[in-house]
Amino acid sequence: MDLKVENGYIKEDKGLGWGKSLPVQSVQEIVRNGYQSVPERYIQEIKDRPSSISSESLQASLQIPIIDFSLLAKGDEHETRKLDLACKEWGFFQIRNHGVQVKILQKMKAAMAAFFELPLMEKKKYAMGANDLEGYGQAYVVSEEQKLDWCDLVALKTLPLEQRNLNFWPLNLPGFKEAVEEYSIEVQKVAEEINANLSLLMGMERDGLKRYQGELKQVMRMNYYPPCSSPDLVVGVSPHSDGGSLTVLLQDDDIIGLQIKHKGEWIPVKPIPNALVVNIGDAIEIMSNGMYKSIEHRAITNEKKARISAAAFAHVDDELEIGPLDSMVDDPHRPPMYKKIKYIDYIRQVLARKMDGKAHTDLVKIQT
């Protein structure tokens with residue numbers, strides 16, 4: 001385990017315990033220092049490049065569902081049906097009227113921007129440990145040969161409070177801690193309300209998933225995607241599905257970067273000012289016995305402007321054995337479609353490999 005000095009005392013860094021990522025050069029610094037061409041390790045294979053996306057006409061005609069969160073929270077049947085359909089057919093949706101004040105969203109975006117504008121040596125004070133994924137750096141780098149994402153990030157354990165490791169928090173950066181704390185608490189309320197609605201849709205009481213999952217933990221991944229001179233050669237984040245329960249994403253209001261795979265085509269998620277994007281994670285797909293889908297998604301870059309985003313991942317207890325819930329199994333009409341697996345083992349399996357679409361859920365599917 002890493003040992004760090006804090007206020008003159010040596011403190012043991014227990015880390016997330018989910019795996020590790022090899023250190024690589026900061027993409028932001030590559031851009032800052034002026035580069036003649038995109039480094040070879042960032043040039044994707046032809047089949048993986050953003051240029052190989054669906055037709056512009058198809059992209060323009062499709063949009064992920066939009067849900068009025070305030071109505072959903074009041075039990076509105078129409079919004080509940082929209083949630084059910086969104087989780088079955090898309091795995092992604094945007095929410096409006098979510099109750100998180102605009103000033104909290106703006107403060108969070110400003111805090112992220114301020115962190116990434118720090119000098120490199122200052123950011124390196126919060127670098128990921130040798131055997132952990134919390135802190136500043138890059139994730140999912142598991143070999144010296146793999147293609148890399150055009151992205152820098154900082155990942156922090158944000159909830160519950162007692163699991164925070166302030167060694168990775170830039171406490172000297174004015175307003176950062178307060179902005180992240182405030183936003184993390186508010187966005188957790190959003191995740192819990194969506195969980196309650198999913199419980200009802202899966203044939204349980206409102207607190208069904210809460211009782212099964214325990215208190216949701218939250219990890220915040222803040223992403224910085226620098227501009228790229230050849231955006232058609234790189235990806236900001238490789239195609240993947242999220243391993244957790246739910247993800248709530250705060251993204252730039254005016255830059256399209258997120259794409260989801262829908263019916264075999266890459267569809268851009270067009271930002272709605274002050275809305276949040278929510279997606280189903282692998283854990284919910286497994287618990288719902290495949291009724292709700294965690295969807296493959298990726299991020300692309302652009303030539304002119306940097307983009308930032310914050311993904312709040314809701315995770316269940318590490319020791320929980322996840323599998324299809326009883327209410328979602330009806331032998332012989334709907335037998336269990338997934339094996340049971342301890343959550344920590346599943347997450348370690350996800351993080352030990354390069355991002356690779358839906359390969360992780362395929363490993364726990366029961367072959368018929």
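Val237 stands opposite Ala299 in strand 13, and this contact belongs to the antiparallel pairing of strand 8 with strand 13 (residues 297-299), which extends over 2 bridges. The model is a predicted one, in which local features need pLDDT of at least 70 and side-chain atom pairs count only at pLDDT 80 or more, while totals for chains, interfaces and linings use all residues. Residues are numbered from 1 along each chain as its sequence is written, and side-chain values use heavy atoms, with hydrogens and water left out.

- Strands of a sheet pair, in general, through backbone hydrogen bonds, either parallel or antiparallel.

- Strand 12 (residues 276-280) is largely enclosed by the rest of the structure, because 5 of its 5 residues are buried; buried means under 20% relative accessible area, exposed means over 50%, and partly exposed lies in between (1.4 Å probe, protein chains only).
- Leu276, Val278 and Ile280 point one way from strand 12, whereas Val277 and Asn279 point the other way, and all are buried.
- Strand 4 (residues 92-96) runs antiparallel to strand 12 and is joined to it by 4 bridges, with Leu276 as the bridge partner of Ile95.
- Strand 9 (residues 246-251) is also antiparallel to strand 12, through 4 bridges, and here Leu249 stands opposite Val277.

**Helix 7**

- Helix 7 has 26 residues and spans 37 Å from its first C-alpha to its last, close to the 38 Å expected at 1.5 Å a residue, the expected span being 1.5 Å times one less than the number of residues.
- Gly203 follows helix 7 and has a positive phi, near 80°.
- Because Lys189 and Glu186 are 3 residues apart in helix 7 (residues 176-201), about one helical turn separates them, and Lys189 is partly exposed at 46% relative accessible area.

**Further salt bridges**

- The whole structure contains 22 salt bridges according to the search; side chains of opposite charge can pair when their charged atoms come close.
- Glu319 and Lys342 meet through their side chains in a salt bridge of 3.1 Å, N to O. This pair links distant parts of the chain, 23 residues apart, with Glu319 in the loop between strand 14 (307-315) and strand 15 (321-322) and Lys342 in strand 16 (residues 341-342).
- Glu319 counts as exposed at 53% relative accessibility, whereas Lys342 is partly exposed at 34%.
- The side chains of Lys365 and Asp362 form a salt bridge at 4.0 Å, N to O, with Lys365 partly exposed at 31% and Asp362 partly exposed at 40%.
- Salt bridges that share partners join Glu29, Arg32 and Glu117 into one network.
- Arg32 lies in helix 1 (residues 27-32) and is partly exposed, with a relative accessible area of 37%; its C-alpha atom is separated by 9.3 Å from that of Pro226, 194 residues apart along the chain.

**Aromatic contacts**

- The count comes to 8 aromatic pairs, where rings of Phe, Tyr and Trp (its six-membered ring) pair if their centres lie within 6.5 Å, and planes under 30 degrees apart count as stacked, over 60 as edge-to-face and the rest as tilted.
- The rings of Trp169 and Phe176 have centres 6.4 Å apart and planes at 85°, so the pair is edge-to-face; Trp169 is buried at 1% relative accessibility, and Phe176 is buried with a relative accessible area of 1%.
- One aromatic cluster is formed by Phe115, Phe116, Tyr126, Tyr136, Trp169, Phe176 and Tyr224.
- Arg298 lies over the face of Trp266, at 4.2 Å from the ring centre, the criterion being that NZ of Lys or CZ of Arg is within 6 Å of the ring centre and within 35 degrees of the ring normal.

Notes: Two strands pair if DSSP finds at least two bridges between them.
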